[in-house]
Each structure stands twice: as C-alpha cells, then as structure tokens.
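Hello,

Here is the structure I promised to pass on. Please open it and keep it beside this email while you read. My notes on charged pairs follow.

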Amino acid sequence: MKSGREKSAGKRGGIWVLAGIILLGLILRVLYLVENAGNPDFAHPAIDQSYHDYWARGLVTGYWVVPSGEEDPQVFRHPFYRPPGYPYFLSLIYRIRMDYIAPRIANMAIGLGSVLLAFILGRRWWGRAAGLVLAALMAFYWAFIYFEGEMVGEPATVLLGLWLILVLARLTEKASFLRCLAGGLILGFSALFRPNILLFLPFAVLWLFWILRRRSQGGIWWKTAPGLVLGTVVMLVPPAVRNLAVSGEFVPLTTNLGLSLAVANNAVTDGTVHIIPGIEDLGTPFDWPRIVRRLERISGRELTHREASSYLANQAFDYIREYPLGFLSLLGKKTLFFWGPREIGNLKEIHFARKYSPVLSSIPLNFPLVMALALAGLSLLFVENRKAAPADAAARRRWEATVLLIVFIGSYFLSMLPFAAAARYRVPIIPFLLCLGAYGVAAVGGKFARREWGGGLLWTGAAAVLFALFSIDFAGYQPKLDRWHYDLALAYTDRKEWDQAVREYEEVIRLQPRAIRAWNNLGNIHTLREDYPRAAECYRQVILLRPDIAHSYNNLGSVLFRMDRLDEALKYFQAALRLRPDLAESLNNVGAIHFRRGEYEEAVKSYREALKYKPLNDSIHFNLGKARSRQGMAEEAIAHYTQALRINPDHREAREDLDRLLREQGIN
C-alpha cells in the first residue's frame with residue numbers, strides 16, 4: 001500500500017505530465033496555426049465559414065456586408081437558418097479583435113480546455129493513468145487540431161460534450177434536480193451549436209431511470225429527471241422568441257432541417273453529395289433565399305422560410321415512403337461512411353487538407369485506430385464489470401458512467417443518420433471513443449507493468465485486428481481531388497490572384513472535364529481580365545454540359561454585350577429568361593441593350609421588371625436613373641440615383657451622375 005508521501009509525489013508527477021501534454025498540444029497547434037495562416041483560404045473563408053464571418057461581423061458592426069457574388073440572406077429579418085451558437089460566439093471574439101487570427105486562437109484555447117476536461121473525466125472514472133492517456137489522445141488527435149483552425153463550432157461542441165458527460169456522470173453518485181438542471185442547460189446550450197444533439201435528451205432521461213432503478217431509487221426519478229428537460233428548454237427559449245419576434249413564425253431553433261433532410265434522402269445522392277433534384281444553388285448557406293424563391297415557383301405560392309423548410313422535409317419523407325429500399329440502402333451507406341476510415345469532405349476535402357499539411361500528416365492517430373482502441377477498451381470494461389462484486393459501488397458507478405458514454409455515442413449516431421455524412425459530423429463523439437480507448441491503453445499498460453505478458457499481448461493483438469478491420473473502406477468512398485483544387489481556386493479568386501486561380505481551375509477541369517462550376521468560374525476570371533473570347537468559350541462549354549442553367553446564358557450574353565455583339569447577346573438573355581423569368585440580372589441586361597440602342601422606354605420597362613425581383617439592387621436603380629435622365633425625367637432619375645447610393649454608398653458613377661444632374665437642375 002502506498003504511503004501518503006508516495007501518493008502526493010504521484011499526484012504531483014501526474015500534474016507535471018498533464019502540463020507537458022498540454023504544452024506539447026499547444027506547440028502542435030501553434031505550428032499548425034503558422035502553417036494554416038499561409039493557406040490561401042485562411043483570410044478568405046468560404047461556405048459555412050463565410051456565412052459565420054458575415055453573420056458575426058453584422059452582429060458587431062450593424063453592417064451586413066455580403067461576400068462578393070453571394071445574395072444577402074438578411075439574417076436579421078428571418079428565423080435562424082443555421083445554428084446561432086458559433087456566429088454569436090464569433091461575434092464576441094470580433095468585439096475584442098476583428099481579424100482571422102483571433103477565432104483560431106480562441107478555438108485553440110477551447111481545444112486545450114477540452115484536453116483538461118477530458119483528463120478530469122478520465123481520472124474521475126477510470127483512474128489517473130487513463131486520464132493522462134485520454135488527455136494525450138485529445139491533445140494529439142489531428143482532427144481536433146484541424147477544426148480548431150477553421151471558423152466552425154466543432155471545438156465548442158467537443159468542449160460542451162465533455163462538460164455535459166462530466167456533469168451527468170455525477171448522477172451515478174447522487175441524483176438531484178440541480179445536477180439534472182445543470183446537465184439540461186449544457187445540453188440545450190450545445191444544441192445552439194449542433195441541434196441534432198437534442199436526440200440525446202430522451203436517452204439521457206432513460207439512462208437516469210435505469211441507474212436509479214438499479215439502486216431501488218426509482219421513485220426520485222420523477223423529482224430529478226424534469227431538471228434535464230427544463231434546463232434544455234430554457235436554453236432553447238431565447239432563439240425561439242427571437243425567431244418569432246423577427247419573422248412572426250414559431251421556429252424553435254433553425255429552418256435548415258428540411259434542406260438537410262432533402263439533400264440526404266433522394267434518388268440522386270450517394271449519402272455524401274448535397275443535391276436536391278430540380279433545385280440549383282446548393283453551394284453555400286447564402287443560397288437559401290434563392291432556394292426559397294425556387295420552391296415558390298415550384299409550389300405556385302409564396303412561402304415563409306419555415307414553410308419552405310417543411311416543403312423540403314415533406315419531399316424527403318415522400319422519397320422515403322415511395323422508395324423504402326433506396327432509403328434503407330442510403331442508411332446503410334451512411335452508416336459505413338460514419339464509422340469508416342475515410343474522412344468525408346464537406347466544407348473542404350479534409351482528406352487532402354491533412355495529406356498536404358506537414359503538421360497534420362505527421363500525427364499517426366487516425367479514426368480506425370480510435371475505433372480499435374475504443375472497442376478494445378469497452379471490452380475490457382465489460383470484462384471488469386462482470387468480475388466486480390455486486391457490492392462494489394465504485395465498479396458499479398464506473399459501469400454506469402461507461403453506459404452513459406455508449407448512450408451518448410449511440411444517440412448521436414442515430415441523430416446524424418438521416419443526414420448527409422461528413423467527417424465534421426462525427427467529431428463530437430470522438431472524445432468519448434477516446435475515453436474508452438484511454439481506459440484500454442491504461443489497462444493493457446498496467447498488465448505489461450505487472451508482467452502479465454499473456455493478457456497484455458492478447459488485448460494488444462485484439463486491438464491490432466480491430467484496427468485492420470476498421471481500416472477497410474467498405475463504403476468505397478474516394479476523396480475528390482478536383483474538389484480540393486476547386487476550393488483552392490475559390491480562395492485564390494477571392495485574393496484576386498488570377499494566375500493561381502486559373503491554374504487551379506484548369507487542374508479541376510483536367511481531373512473532371514464536366515466540372516461546370518470550374519468552367520463557369522474560369523469564364524468569370526477571363527471576363528474580369530477582359531479576355532472576352534476565352535470567357536465566351538468557357539460559358540459555351542457550361543451551356544453544352546448543362547443547357548438548363550439560366551445564369552450560364554446570362555453570363556455568355558454579358559460577354560457578348562461587352563464585345564458589342566448586341567443581337568447575339570439579346571438572344572442569350574432571352575434564353576436565360578425563358579428558363580428563369582425572374583432572373584433580374586438578365587432583365588437588367590436586356591434593358592442595357594435597349595439603352596445602348598437608344599430605346600429608352602423599352603429599357604425602363606426591363607429595368608422596372610428587374611426591380612420586382614431585386615428591389616435593393618443598386619445597379620438596376622443606377623441604370624433606371626440613366627434611362628430617365630436621357631428621357632429628361634430629372635426628378636425620377638434623381639430618385640433612382642439616390643436609391644442606388646442608399647444601397648451602395650460607394651457607387652461612384654451614381655454619385656457623379658447625381659451630382660451632375662443636380663447641378664443642371666440648379667439644386668445644391
């Protein structure tokens with residue numbers, strides 16, 4: 001038996017080991033931050049990250065500046081489309097320092113906080129050795145470091161998940177309403193970052209009932225379990241009230257449920273690709289307003305954002321009812337994707353992000369190894385529980401805490417199953433797989449330390465077999481190298497580094513000749529560089545590949561307009577409008593052709609039609625002002641120039657024309 005002095009020395013030694021783990025984790029994160037800062041997309045976020053950046057800056061400044069080429073989703077006027085947790089957290093960071101370094105530093109701090117929480121959790125339930133192993137696994141797992149370098153909520157979700165389990169596991173010692181309330185508050189707060197975690201609530205309530213029944217305390221379940229529900233609901237009230245206040249619609253949290261179901265449950269998707277048959281523009285969250293308008297055209301009536309979400313959800317349910325075998329096949333694929341060895345791309349092709357990162361690629365700990373360690377550790381815990389005496393309260397509580405981990409992992413997996421698979425979606429369960437694995441590593445290490453060679457080698461061999469099994473890609477997923485180059489091209493485009501962007505788009509087309517977005521964006525770059533013949537070639541290629549996209553005809557018409565080929569341009573604008581009668585850009589361009597020809601009244605008709613669909617477009621108001629000015633209608637021209645400047649105060653031509661017109665009218 002160890003003396004008090006030995007225990008104290010061991011405790012101090014454990015603290016120093018933990019400090020060393022955290023320090024090494026910090027060094028890895030700093031190295032990756034330096035590396036990441038050199039990537040072209042570091043200060044040019046895209047997709048969800050761009051949406052979070054737009055949202056947070058709007059909350060801080062009150063100016064909702066939309067990224068170039070995107071439509072304003074007017075977050076402040078509609079129910080939350082995406083979970084508000086991370087954008088609001090990001091806005092707090094921006095109030096301190098508004099740049100792209102600060103969010104990464106904040107995420108790093110959260111990640112290291114998760115390392116500390118994991119140590120506390122592991123030490124409390126499985127011993128100090130397991131706690132230290134768990135801290136090391138958390139500090140060095142490459143995916144945590146990667147997502148801490150992105151402007152997303154995964155690091156916060158990991159921290160909140162660990163805190164939630166740490167609080168709920170205390171219920172195995174003493175169940176109380178206040179502890180349940182605290183757990184519910186954390187669960188509800190976690191839902192602000194990842195709403196699907198709410199499925200854990202009923203399972204947590206059942207788990208509490210199970211542990212109380214085991215000790216013949218089932219009667220107090222009615223007094224304690226409501227705390228879990230109440231705490232969760234309390235955290236969901238503010239977003240529901242806010243959504244009701246700004247839109248008049250009762251939306252408990254977000255409106256993206258319908259879209260998320262529809263992209264993952266249809267006859268086209270493979271479980272990873274975000275596609276809804278018949279609907280374009282699924283690239284970024286900024287596309288949601290366009291999707292709502294498209295659904296309005298399909299349904300023949302105006303839709304609120306909640307109604308649009310319900311429309312898409314019903315579309316997914318229709319598919320499930322009509323094609324049950326296809327749905328079951330998709331569920332099978334998504335199960336293999338979720339537990340498989342490949343990192344499924346979503347915001348980026350994460351496989352190549354790791355492969356081409358000197359820091360991340362040097363870390364050997366990967367998901368198959370996590371699964372192997374977790375299952376080996378769970379098996380050891382099960383064996384230990386079977387051997388424990390019925391009166392061993394400590395062993396009973398450890399097993400109950402273990403079951404809580406399993407319940408969390410299982411319920412979280414079920415909550416993700418209806419949706420598209422992606423590497424980022426399984427991140428919240430990895431800490432708890434590592435919990436099980438850390439116990440196994442510590443237990444097997446103890447066997448070797450006690451010279452129990454047979455048992456140690458047996459469990460090590462079992463883990464090796466499991467690692468080999470989970471390394472097999474049963475789903476057959478292949479990371480998309482063309483997608484990796486496409487994302488790089490987007491970042492270089494945002495940085496206006498045209499040569500690099502062109503090279504990346506050309507590489508995309510070499511890998512995937514039918515990549516219409518690459519062809520289209522390459523045409524956009526040639527247009528910006530005033531290489532109109534090459535731009536026209538690119539847009540013609542898009543039309544050849546996909547003749548049903550209205551914007552492609554509009555783009556080609558715009559290039560031909562710049563080349564003074566007005567008759568050809570008009571034909572393409574009219575073709576775009578046959579596909580999309582509400583395409584304001586084409587209506588505006590038709591007006592520009594009439595204006596160029598001196599047909600001012602026809603131009604005005606087209607401009608006014610365009611304004612029906614985009615009343616806050618400064619370019620259309622400017623063009624209307626020019627047309628009315630040419631017709632001698634100064635008062636109306638002044639009104640449209642003024643409106644253009646209200647929308648875009650930096651519109652130089654509108655300001656010059658307005659000043660000139662005011663001077664001519666003798667107005668100071």
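**Salt bridges**

Arg 534 and Asp 531 join through their side chains in a salt bridge, with 3.8 Å from N to O. Bear in mind that this is a predicted model. The Arg 534–Asp 531 pair counts because the cut-off is 4 Å and the N to O distance is 3.8 Å.

Side chains of opposite charge can pair when their charged atoms come close.

Now look at Glu 150 and Lys 348. Their side chains form a salt bridge, 3.1 Å from N to O. Glu 150 sits in the loop between α6 (142-148) and α7 (154-169), and Lys 348 in the loop between α14 (324-339) and α15 (350-355), so the pair ties together parts 198 residues apart in sequence. Both Glu 150 and Lys 348 are buried.

Next, find Arg 424. What does Arg 424 form a salt bridge with? The partner is Glu 154, and the closest N and O atoms are 3.4 Å apart. Arg 424 lies in the loop between α17 (393-416) and α18 (430-449), while Glu 154 is in helix α7, so this pair links parts 270 residues apart in sequence. Arg 424 and Glu 154 are both buried.

Arg 424 and Glu 154 also belong to a network of salt bridges, together with Asp 48, Arg 82 and Arg 194.

The count for the model comes to 40 salt bridges.

Best wishes

Conventions:
Residues are numbered from 1 along each chain as its sequence is written. This is a predicted model: local features need pLDDT of at least 70, side-chain atom pairs count only at pLDDT 80 or more; totals for chains, interfaces and linings use all residues. Side-chain values use heavy atoms; hydrogens and water are left out. Helices (H or I, at least four residues) and strands (E, at least two) are DSSP runs, numbered from the N terminus. Buried means under 20% relative accessible area, exposed over 50%, partly exposed in between (1.4 Å probe, protein chains only).
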